[in-house]
Amino acid sequence: MKVTLETLSAIFRIAKHFANIDGELKSEEVRPVYDFFQTFEGMTDENLQNIIDYANEGMTDERALELIMGMDTDAKQQISDLLADIIGADGVLTEDEQDIYDKLRVVCKLPEPTGSSVEEDDDEEEESEADPDDGIVPAFILVKSNSHVEIKQSENEDWNTLGDEIAEWIGADRVEVVRFTPALNALTEKLRLNERHLVFMVDRNFSMKSDELGDNMPGTILYGRGYEILGNIVIAIETDSGYEIEGIITRSLLNEVLDAVDEAVDNLLSYE
């Protein structure tokens, strides 16, 4: 789990609510919270106090949920397990505890807990209505020079492999990542990408192929600064920490990105 003071404070704030669902903060329900934070290397009493202070004074419930929703799969599994351990710590699982836990799982798209006392609701109709799982194989948006869009998908996480795959999609030997342009920054803010930002990749040597490649108007608009982008581009997500390229992992976010990008480039995108 990649963490910051803000993400850890978000986890603490939600965990505290769960420990206090029944209106009584019991020591056995606090213990899983303390043990969870001690799993982070270098965690000191001072660090933990800073997390608690920020959770209580600098964090809202809405922001905490937003941060948790944006976490990766491994982090969400740890959070799901932590919350399950908290409400099951006293050996009594009330209907209120089960109901709040189930609702949070749906909202934040948390996976099932592993090895906990929380059981899944067997009501298939209710589960069908919630339908929280819109996960997809990581998707990348290929925008051709004629503005036609194709969705590419890949499970590769290693850049050495993924980078070659993306280069093949756009007909390049190597790709260059374009990040932090005014247009991309505005899209990142609009999409509320947690600890991530929107980028696009282009042929590193496109300027040497001006006679071969067509003007990519969507790419040119996203780049801005009066600079022309040539050839195909691939839109993806990159982490703020480590600058790791990622695909879009939910159908809902993919649709949001497509709509936001299309609006940003004056509705130039086409799907024919």
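# A tour of helix pairs and a pocket

Begin by selecting helix 5 (residues 73-88) and helix 6 (residues 95-108), which pack with their axes 11 Å apart and at an angle of about 170°. Because angles over 145 degrees count as roughly antiparallel, helix 5 and helix 6 are described as roughly antiparallel to each other. Keep in mind throughout that this is a predicted model. To see where the two helices touch, show the side chains of Lys-76, Ser-80, Leu-83, Ala-84 and Ile-87 on helix 5, together with Glu-97, Tyr-101, Leu-104, Arg-105 and Cys-108 on helix 6. Colouring the contact of helix 5 with helix 6 by class gives six nonpolar residues, one polar residue and three charged residues.

Coloured by class, the contact of helix 1 with helix 5 shows ten nonpolar residues, with no polar and no charged ones.

Select Leu-187, Lys-190 and Leu-191 on helix 9, and then Glu-256, Val-257, Ala-260, Val-261, Glu-263 and Ala-264 on helix 11, to bring up the residues that make the contact. The contact of helix 9 with helix 11 consists of six nonpolar and three charged residues, with no polar ones.

For the last stop, turn to the second largest pocket, which holds about 170 Å³ of space. Its lining can be selected as Trp-159, Asn-160, Gly-163, Asp-164, Ala-167, Asp-173, Arg-174, Val-175, Glu-176, Val-177 and Arg-204. The elements that each give two or more residues to this lining are helix 8 (159-170) and strand 3 (175-178). Which element gives the most to the lining of the second largest pocket? Helix 8 does, with five residues. If you colour the lining of the second largest pocket by class, you will find four nonpolar, two polar and five charged residues.

Note on methods: Residues numbered from 1 in each chain as written. Predicted model: local features only at pLDDT ≥ 70, side-chain atom pairs only at ≥ 80, totals over all residues. Heavy atoms only, no water. Contact = heavy atoms within 4.5 Å. Helix = DSSP H or I, 4+ residues; strand = E, 2+ residues; numbered from the N terminus. Nonpolar A, V, L, I, M, F, W, Y, C, P; charged D, E, K, R; others polar. 1 Å grid on protein atoms, 1.4 Å probe; cavity = no way out; pocket = protein on both sides within 12 Å on 5 of 7 lines; lining within 4 Å. Points joined across faces, edges and corners; volume = space filled by probe spheres on them. Axes fitted to C-alpha atoms, helices over the stretch in contact; angles between N-to-C directions. Parallel < 35°, antiparallel > 145°, perpendicular 65-115°, else oblique.
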